[in-house]
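Morning, everyone. I have one structure to go through today, so please look at the screen.

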Amino acid sequence: MTVKVAVIYYSATGSVHALAQAVAEGAASAGAEVRLRRVAELAPDSAIDQNPLWRRHTDAAGAIPEASIDDLAWADAFAFGTPTRFGAPAAQLKQFIDQAGGLWHEGGLADKPVTAFTSAFNRHGGSEATLLSLGNVFYHWGALIVPPGFTDPVVYAAGGNPYGTSHVTGPTGDGPDTAVLEAARYQGQRLAQITIRLLGSRRVTDAADDGNAREALAATASRTA
């Protein structure tokens with residue numbers, strides 16, 4: 001069974017971008033069709049130009065398609081990535097999420113598996129708070145949160161964050177190391193695998209319901225014949 005996974009993220013200097021690529025790879029390895037999408041940049045060029053890493057990544061990421069609400073409607077499951085901003089998601093990702101009100105009102109976000117990942121400057125810079133904050137959005141959607149938990153040794157090797165993969169850049173701005181990228185791949189793979197199981201069980205249930213309905217209709221017809 002093929003499921004559709006949208007990996008939607010914001011990245012300023014590239015760390016979350018690297019995590020998003022790894023999550024997408026993990027989902028694809030489980031057989032999912034994946035859309036990797038970045039949200040629109042809201043910061044002015046004057047702010048971006050003050051940080052060479054930010055400018056370099058902004059220029060390099062131009063080839064990544066920009067996320068749209070259609071990507072949410074298309075997907076069977078979502079993975080959201082963001083750097084921490086004072087213990088909360090970046091404004092760029094939040095602005096994108098805030099556009100999903102219409103789809104949410106139509107029920108288009110309910111019952112879909114979702115997971116999240118993040119990056120921070122400091123080890124205690126708000127990674128867990130950021131992921132939990134995104135969880136509040138998912139509760140409102142009625143989505144099904146799929147954390148990595150402590151379900152594989154790669155989670156421990158990457159620092160042991162059960163809420164979602166998190167990276168610490170430090171003052172050098174280093175990107176994720178091998179252990180963190182492996183944890184991100186596992187998170188994407190787990191999301192896809194659980195989505196496959198969920199959709200598979202729904203299709204079995206739907207088929208059984210259809211069969212029962214046909215039997216009931218046939219029985220009614222025989223009694224009235």
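Let's start with Thr130, which is buried, with a relative accessible area of 0%. Buried here means under 20% relative accessible area, exposed means over 50%, and partly exposed is in between, with a 1.4 Å probe and protein chains only. Before going on, a note on the source: this is a predicted model, where local features need pLDDT of at least 70, side-chain atom pairs count only at pLDDT 80 or more, and totals for chains, interfaces and linings use all residues. Residues are numbered from 1 along each chain as its sequence is written, and side-chain values use heavy atoms, with hydrogens and water left out.

Thr130 sits in helix H7. Helices (H or I, at least four residues) and strands (E, at least two) are DSSP runs, numbered from the N terminus. What does Thr130 touch, not counting residues up to four places away in sequence? The list is Thr82, Pro83, Thr84, Arg85, Gly87, Ala88, Pro89 and Thr118, with contact meaning heavy atoms within 4.5 Å. For Ala88, the backbone nitrogen is 3.4 Å from a polar atom of the Thr130 side chain.

Now the nonpolar cores. A nonpolar core is a set of buried Ala, Val, Leu, Ile, Met, Phe, Trp, Tyr and Cys residues joined through side-chain atoms within 4.5 Å. The largest one has 29 residues, and Ile8, Leu72, Phe78, Phe80, Phe138 and Trp141 have the most contacts inside it. At least two residues of this core come from each of strand E1 (4–9), helix H4 (69–74), strand E3 (77–83), helix H5 (91–98), strand E4 (113–120) and helix H7 (127–141). Which element gives the most? That is H7, with five residues. A second, separate core has 24 residues, including Val3, Ile64, Ala79 and Leu191.

Back to Phe138: leaving out residues up to four places away in sequence, it touches Phe80, Val114, Ala116, Ala143 and Ile145. Of these, Ala143 lies in the loop between H7 and strand E5 (144–145). Ala143 counts as buried because its relative accessibility is 12%. Beyond its neighbours within four places in sequence, Ala143 contacts Leu109, Asp111, Lys112, Val114 and Phe138. Lys112 is 31 residues from Ala143 in sequence, yet their C-alpha atoms are 5.0 Å apart.

Finally, the whole protein. The secondary structure comes to nine helices and six strands, and 44% of the 225 residues count as buried. Taken along the principal axes, the C-alpha atoms fill a box of roughly 80 × 40 × 30 Å.

Notes. Polar contact = N/O pair within 3.5 Å; in protein donor to acceptor, adjacent residues only side chain to side chain.
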